[in-house]
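I opened this model to look up a few local features.

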Amino acid sequence: VGNTVLGKLAVLRRSSDGLFKDRNGGTFTAAPYNPSGTDTSRKVDQVGEDTWIFRPSVLFRLKENVDLTLIGEYVDGRGGAGATRIYNDVPNLQTIFGYTPPADWDEINHNLVSKHALESAKGVAELVWDLDVGVVTSVSGYRKIDYSAQFDTDGTPFTLFEFPPGGFDKSRQLSEELRFASDFSDLVSFVVGAYYSDLDMESLELRQFHNIFGGRPATGDFLRYQRGRFTQ
């Protein structure tokens with residue numbers, strides 16, 4: 001809009017079905033930890049991606065010596081969280097579970113769908129005031145992030161070691177930076193300012209193990225979790 005308002009918008013779109021395929025492959029025989037000798041997992045594609053990113057920015061020339069820039073960003077990213085697979089050189093897997101993995105290198109067999117979801121939003125406002133004696137700059141920012149993921153770490157159709165649904169990472173941050181920069185003379189230039197930040201982060205990590213890896217005599221699975229919170 002003339003020389004008073006300038007803007008632009010950047011958009012990124014990324015989509016992929018993923019390379020690895022879950023066709024419930026491999027062979028199964030009756031074994032101590034799989035008496036039925038069957039595969040009860042689902043057929044699901046892994047490591048796909050569906051991401052959108054929007055990044056608008058607008059510059060307002062409020063006066064000849066005053067500029068205000070607004071920058072935003074929104075990210076919506078979803079997709080797989082890995083394509084682990086296990087190979088035939090694991091004799092305990094065949095002895096205890098009666099499972100032989102598929103032979104094709106791009107074929108996996110998971111009982112838990114590995115996936116993630118990321119939602120992020122941020123905004124920045126920068127005010128620049130050019131004075132005769134120097135430049136005053138104010139930068140205000142806000143950012144929030146919400147992330148969750150589940151991951152079949154063991155790469156088998158059994159629950160050996162997994163990160164099940166329910167874990168998350170969240171953060172919220174508000175910041176303000178104010179500074180004054182001046183070329184005071186041919187010999188002296190300086191910058192003085194202050195910075196403020198208010199940050200809150202919370203994380204919950206779930207881990208699910210089979211008892212053969214946890215040293216527990218009871219059959220079945222058990223769950224461990226770790227939760228933390230950080231503020232600054």
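The entries below cover confidence, a surface patch and one aspartate.

**Entry 1, confidence.** I noted first that the model is predicted. I looked up the pLDDT, and the chain average is 87. A score of at least 70 is reached by 91% of the residues. I then checked residues 214-219, where the pLDDT is below 50. In the model this stretch has five contacts beyond near neighbours in sequence.

Which residues make the nonpolar surface patch? I found L9, V11, W52, F54 and Y74. Together they make a patch of about 450 Å². I looked up which elements give two or more residues to the patch: they are strand 1 (5-16) and strand 4 (49-63). I picked out F54, which sits in strand 4. Is F54 buried or partly exposed? Its relative accessibility is 33%, so I log F54 as partly exposed. The cut-offs matter here: buried means under 20% and exposed means over 50%.

I moved on to strand 2, residues 21-22, which holds D22. The relative accessible area of D22 is 4%, so I log D22 as buried. What does the side chain of D22 reach? I found the backbone nitrogen of H110 at 3.2 Å. I also found the backbone nitrogen of N24, 3.1 Å from a polar atom of the D22 side chain.

Note on methods: Residues are numbered from 1 along each chain as its sequence is written. This is a predicted model: local features need pLDDT of at least 70, side-chain atom pairs count only at pLDDT 80 or more; totals for chains, interfaces and linings use all residues. Side-chain values use heavy atoms; hydrogens and water are left out. Patches are made of residues with over 30% relative accessible area and no salt bridge: like charges are joined within 9 Å, nonpolar side chains (Val, Leu, Ile, Met, Phe, Trp, Tyr) within 5 Å. Accessible areas come from the Shrake-Rupley method with a 1.4 Å probe; for residues, only the protein chains shown count as cover. A salt bridge is a side-chain nitrogen of Lys or Arg within 4 Å of a carboxyl oxygen of Asp or Glu. Helices (H or I, at least four residues) and strands (E, at least two) are DSSP runs, numbered from the N terminus. Buried means under 20% relative accessible area, exposed over 50%, partly exposed in between (1.4 Å probe, protein chains only). A polar contact is a pair of N or O atoms within 3.5 Å; within protein, one must be able to donate a hydrogen and the other to accept it, and residues adjacent in sequence count only if both atoms are side-chain atoms. pLDDT is the predictor's confidence in each residue, from 0 to 100. Contact means heavy atoms within 4.5 Å.
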